[in-house]
Every structure is written in C-alpha cells, then in structure tokens.
Amino acid sequence: MKTKIADLGSLEEGKGLCVKTDGVSLVLVKTGAAVHALENKCSHIGLPLGRGKIENGEIICPFHGSRFNLVTGENTDWVSAVAGVKIPAWSSALLSFGKKPQPIRTFPVSVEGEDIYVEL
Ligand code: FES
C-alpha cells in the first residue's frame with residue numbers, strides 16, 4: 001500500500017527523519033536526489049536507528065555502531081562501538097548477545113512533486 005508520509009522540504013540532507021505509518025516506525029534519509037525508507041529498528045536489539053549518523057550510503061546505529069546499507073538494508077558492520085567509540089572484537093562478540101548480523105527492512109519510496117510516498 002502506497003502512503004504519503006512526508007514532504008520533501010522536511011528532509012535534511014544526510015539526516016534521518018523519523019515517521020510512523022500503519023504502526024511501522026520508519027527513518028527517512030535523503031542523499032542527493034534519492035530518498036530512502038528504512039525500518040527504525042536496529043536488528044541487534046531493536047533500538048531506534050533514527051538518530052544514527054549517515055555516512056557513505058549507510059546508517060550507523062547510534063547505540064552499538066552496526067551499519068546498514070541505505071538501499072538494501074544489508075548489514076555491513078555488526079556491533080562495533082558503544083556510543084560512537086570503537087570497541088575491540090572480543091567485546092563486540094560479548095555485546096552481540098549471541099545474535100548474528102542481520103539486515104534491516106527497507107521500503108520502496110517514490111517522490112511526486114513535494115510529496116514522499118512509501119510502500120509498506
Ligand atoms: S541496538 Fe543497534 S547495534 Fe545494538
């Protein structure tokens with residue numbers, strides 16, 4: 001189902017905008033001409049990604065540093081930091097709580113004029 005979720009003017013380049021529609025919490029990210037929609041829930045322990053840094057086409061979880069591709073949701077780095085500070089690999093294994101790297105969900109986005117639509 002295609003739903004209008006925001007106006008283009010409400011997005012800042014490289015900064016997440018948190019929105020909720022049909023009970024799903026999303027992060028919208030504008031990079032150049034593209035707008036991406038990702039589930040606002042880190043696959044590590046489900047904390048929100050919305051305040052994560054945007055860098056090199058990825059969103060970085062603000063809690064433990066996991067990185068996710070903005071287009072595919074693919075995980076590219078798993079639990080590698082605490083509050084932005086890198087941690088050694090052995091701590092990463094402990095902090096992972098036995099969870100293996102997992103992607104996050106992404107959703108198709110279309111922009112019509114100033115209106116941003118997402119398909120859930
Ligand atoms: S909650 Fe995102 S990496 Fe831990």
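So, Val-109 sits opposite Val-118 in S13. That's part of an antiparallel pairing: strand S12, residues 109–112, is joined to strand S13, residues 115–119, by 4 bridges. Strands here are DSSP runs of E, at least two residues, numbered from the N terminus, and two of them pair if DSSP finds at least two bridges between them. S12 and S13 make a hairpin with 2 residues between them, and Gly-113 in the turn has a positive phi of about 65 degrees.

Quick caveat: this is a predicted model, so local features need pLDDT of at least 70 and side-chain atom pairs count only at pLDDT 80 or more, while totals for chains, interfaces and linings use all residues. Residue numbers start from 1 along each chain as its sequence is written.

Next, the open sheet: 4 strands, in the order S5-S6-S7-S8, with antiparallel pairing. Strand S5 (53–55) and strand S8 (75–77) are the edges, each pairing on one side only. Inside the sheet, S6 and strand S7 (residues 67–69) share 3 bridges, and Ile-60 has Arg-67 as its bridge partner in S7.

Now, which residues touch the most other members of the largest nonpolar core? Those are Val-27, Leu-28, Leu-38 and Ile-59, out of 21 residues. A core means buried Ala, Val, Leu, Ile, Met, Phe, Trp, Tyr and Cys joined through C-beta atoms within 7 Å, and buried means 20 or more other C-beta atoms within 10 Å of a residue's own, with C-beta atoms placed from the backbone. S3 gives the most, with 4 residues.

Terms used
A residue is buried if 20 or more other C-beta atoms lie within 10 Å of its own, exposed if 12 or fewer, and partly exposed in between; C-beta atoms are placed from the backbone.
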